[in-house]
Amino acid sequence: MIRLEGIGKAFHVGEHVVHALADIDEVIREGEHVSIMGPSGSGKSTLLNVIGCLTDPTSGRMSLDDRDVSGLDSDALAHIRQDLIGFVFQSYQLISRLDALGNVELPMVFAGIPRSERTERASELLRLVGLEDRGHHRPSELSGGQQQRVAIARAMVLNPRILLADEPTGNLDSDSGEQILQLLDDLNDKGLTIVVVTHDPAVARRSDRILVLRDGRIARRVSGSEATDLASLFGVTET
Amino acid sequence: MTFVDLMRLAFTALIRHPLRAGLTLLGISVGIGSVALLTSLGESARVYIESQFEFIGSDILVILPGRTETTGAIPGIGGAPNDLTLDDAQSIQRSVGRVQLTVPIALGTETVSHGERARQCVIMSTVTDMQDLLELDLVSGSFLPEGDFTRGAPVVVLGSKIARELFPGTNPVGQNARIGDWRMRVIGVTEVRGTHLGVDMDELVLIPVATGMRMFNRTSLTRVMARLTPGADPAAAEVDILALMEDRHDELDVTVVTPGAILGTVSGILDALSAALAGIAAISLIVAGIGIMNVMLVSVSERTPEVGLLLAIGAVRRQIMVLFLAEAALLSLAGGLLGLGGGMAIIQIVGSLYPEFPAATPTWVSGASLSLALIVGIGFGIVPARGATRLDPVVALSRK
Ligand SMILES: Nc1ncnc2c1ncn2[C@@H]1O[C@H](COP(=O)(O)OP(=O)(O)O)[C@@H](O)[C@H]1O
Ligand SMILES: [Mg+2]
C-alpha cells in the first residue's frame, strides 16, 4: 500500500541543512496499523507528511496503492490526497465558523460532490463517530474528544485507503483518547491502513508494528506489543 | 465547489469580523458611490447642455460682429468691427441660397414697469420670424408685427413670468408697460418655456428690432441668427456668408458660429470635466482597493491553518485562489451596491432640488459601477489570494 525507497528530506534553514529524513526504506501493507515513534525532532511528522503527499521528499521514490507519486505536480498530489488519504491532526484543525456537518462536508465540497449526496454522507459519518446529534454544533461547542471525532469523520468522508494521524490523542484526556483509539481500531478492522505518529506507548501498543525513528532514520522496527519496553529504551515519553 | 458553496464559505468568513468587513465595505462604497455620482452628474450635465443647443437647432448658424481666430469662442471683445446691420441680415437671407431665413437680434437691458411694479429685464429686439425660429407659442395676443424692419412700433411681447409679475391676475394684452422711458403697448404673452442656453425664456421681453435699436441707441446688431435651407451644409453656408460679408464690408469682420463648433467646444469642456471627475473617483477607488487588499492580506494570514487544512483534504491551489477571490469580490460587490445606491440617492436629491436639471443615473453607469467594484475587488484581492496558494501545507497547518 505504501512503498518508500531511499526517502530523504532536507530542510535549508539559513546556511544550515537539516536532514529531517535520510534513507527511509519501508513497505506498509494494506490494512496494516503502524505507529511511528521516536524522540522529538526525529522526523516522525515529516515522514507522515511525506507519506501524505503534503511534503515533497528531496530524494527517493514513493508509491501509494501501486501508484508512483514521485515528481507529481501539486494538483496531481492534491488529487492523490483526495482519493487515497485522510488526515487527523493533534489540534483537530476544524474550521471554527462551520458546524460539525459543515466540517465533515468540506472535503466533498472540494471534490465536487453534489449537495444532496453530501449532507447524507456527512450525517452518516457523524453517526459512525457517535455524533449524529451534534451536526449543528460549532467546534467551540464541542469537547476536545468530540472535535477529534468530527475530524476523523471528515478524514473518512471520501473513503480513503490510508488514514494518517499525527499525535491524534496528544491534546486529549485518557478517556477521550481511548474513544479515539477505539474508533481507529474499528476502522482498521474494516481494512483501513493506518499510520499513527505518537510518543505515547499506550497508543503505539495497539498497532501491528512500530517504526522507531532516530535522527531521521528508522532505528528499529518492532511489534506493537514491545511498545512499553521501547519507551524506557528510547526515552520517547518526552515530546 | 459550486457557486453556493463558494459564497457560503466567503460570506461566513467575512461576517466573523463584522467591523473589519463593514469598514472595508464602506471604503469601497464611498469609492464606487463617487464614481456613480460623478459620472451621473457629468452625464446629466452633458444631456442638459446638449439639450440647450438642440433647442437652437442644428440647422441654425449665428453670425456675430467681430472676428476671432478660434471658432466657437465668443468674439466681439476688443477690436472695432464694422456694424452688423439690418441690411446685412436681409442681404444674407436674399443672397445666400443655403440660408432660408435670417433673424436680426439686438440685446439690451432695461427696466420694465407697470404702475408700481418694475423689474430689470433682458430686452430682445427682433422680428416676426423669431417666433418661428424659437418655436414660441403665445398664450394670448399676437407676436411682433410683420412689416418694415426699419420702422419700429412701440409694442412689446412679454415672457409668461414677466407678464405674471407685472400684471398679476390680469391679461396684459392691450395694456401699457414702460421700458425705461418708453411707453409700450403689450401685444402678446408667450407660453411657459423654461430656461434655454442660460436664458430664461419666460423672462424675455421682445420688441421690434428698429424700436430696440433706437431705444438702446445702437447701430449694430448683437447677432444674426440664420436658418439653413433644408439639407444645406452648414460649413458651405458659413463660407457663403463670410464671402458675402467680406464683399459688403470690404474686410472679414464677422464670425459665423456653426452648431457643430459650439457643440465641439462644449463637448471639449465636458470631456475635460469628466476626466477630472473620473480622476477624483479613481483616487477614491484606489484607496478602497488598497483597503480590500489589506483586509484580504489579514484574512489570508489569519486563516493560514485553514489553507493548510484545505490543501490536506485535497483542495487544489486554484480552488484556494477562487475562495479568497470570492471573498474579495463579495466584499467589493456589496460595497459597490451600497455605493451605487448612495450615489443614486444623492442624484435623486439633486434632481428634486434642481428640477430643470436632468439629474439621473444612466443604466450604463450602474452597470459600469458594479463591474468596476468587481474589478477593483478581484484586482486588489489577487495578490493576497495568490499568497494563499503559495503556502506550504505543512508550514500552514503548524501556524497558530
Ligand atoms: N519546515 C521546516 N523547516 C526547517 N526545518 C524543519 C521543518 N520541518 C521540520 N524541520 C526539522 O526537521 C526535523 C524533524 O522534524 P519533525 O518531523 O517535525 O520531527 P518530530 O515530528 O519527530 O518531532 C527537526 O529537526 C525539525 O526542526
Ligand atoms: Mg511531530
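Which residues surround ligand 1? In this predicted model, where local features need pLDDT of at least 70, side-chain atom pairs count only at pLDDT 80 or more, and totals for chains, interfaces and linings use all residues, side-chain values use heavy atoms, with hydrogens and water left out. Residues are numbered from 1 along each chain as its sequence is written, while chains are lettered from A and ligands numbered from 1 in the order in which they are written.

Ligand 1 is surrounded by Phe11(A), Val13(A), Val18(A), Ala20(A) and Pro39(A), together with the run Ser40(A), Gly41(A), Ser42(A), Gly43(A), Lys44(A), Ser45(A) and Thr46(A), where a residue counts as near if one of its heavy atoms lies within 4 Å. By class, this shell has 5 nonpolar, 6 polar and 1 charged residues; here Ala, Val, Leu, Ile, Met, Phe, Trp, Tyr, Cys and Pro count as nonpolar, Asp, Glu, Lys and Arg as charged, and the others, Gly among them, as polar.

Some of these residues form polar contacts with the ligand (a polar contact is a pair of N or O atoms within 3.5 Å; within protein, one must be able to donate a hydrogen and the other to accept it, and residues adjacent in sequence count only if both atoms are side-chain atoms). A polar backbone atom of Gly41(A) is 2.7 Å from an oxygen atom of ligand 1, and a backbone N or O atom of Ser42(A) lies 3.2 Å from an oxygen atom of the ligand. Ser45(A) instead uses an N or O atom in its side chain, which is 2.8 Å from an oxygen atom of ligand 1. Taken alone, ligand 1 exposes 550 Å², and the protein buries 64% of that, with accessible areas coming from the Shrake-Rupley method with a 1.4 Å probe, and, for residues, only the protein chains shown counting as cover.

We turn now to the two chains. The contact (heavy atoms within 4.5 Å) takes 25 residues from chain A and 25 residues from chain B. Between them the chains bury about 2300 Å², 59% of it on carbon and sulfur atoms, buried area being the accessible area (1.4 Å probe) that two parts lose on being put together, summed over both.

Across this interface there are 3 salt bridges, each a side-chain nitrogen of Lys or Arg within 4 Å of a carboxyl oxygen of Asp or Glu. One of them joins Asp5(B) to Arg118(A), whose closest N and O atoms are 2.6 Å apart. The side of chain A that touches chain B divides into 10 nonpolar, 8 polar and 7 charged residues.
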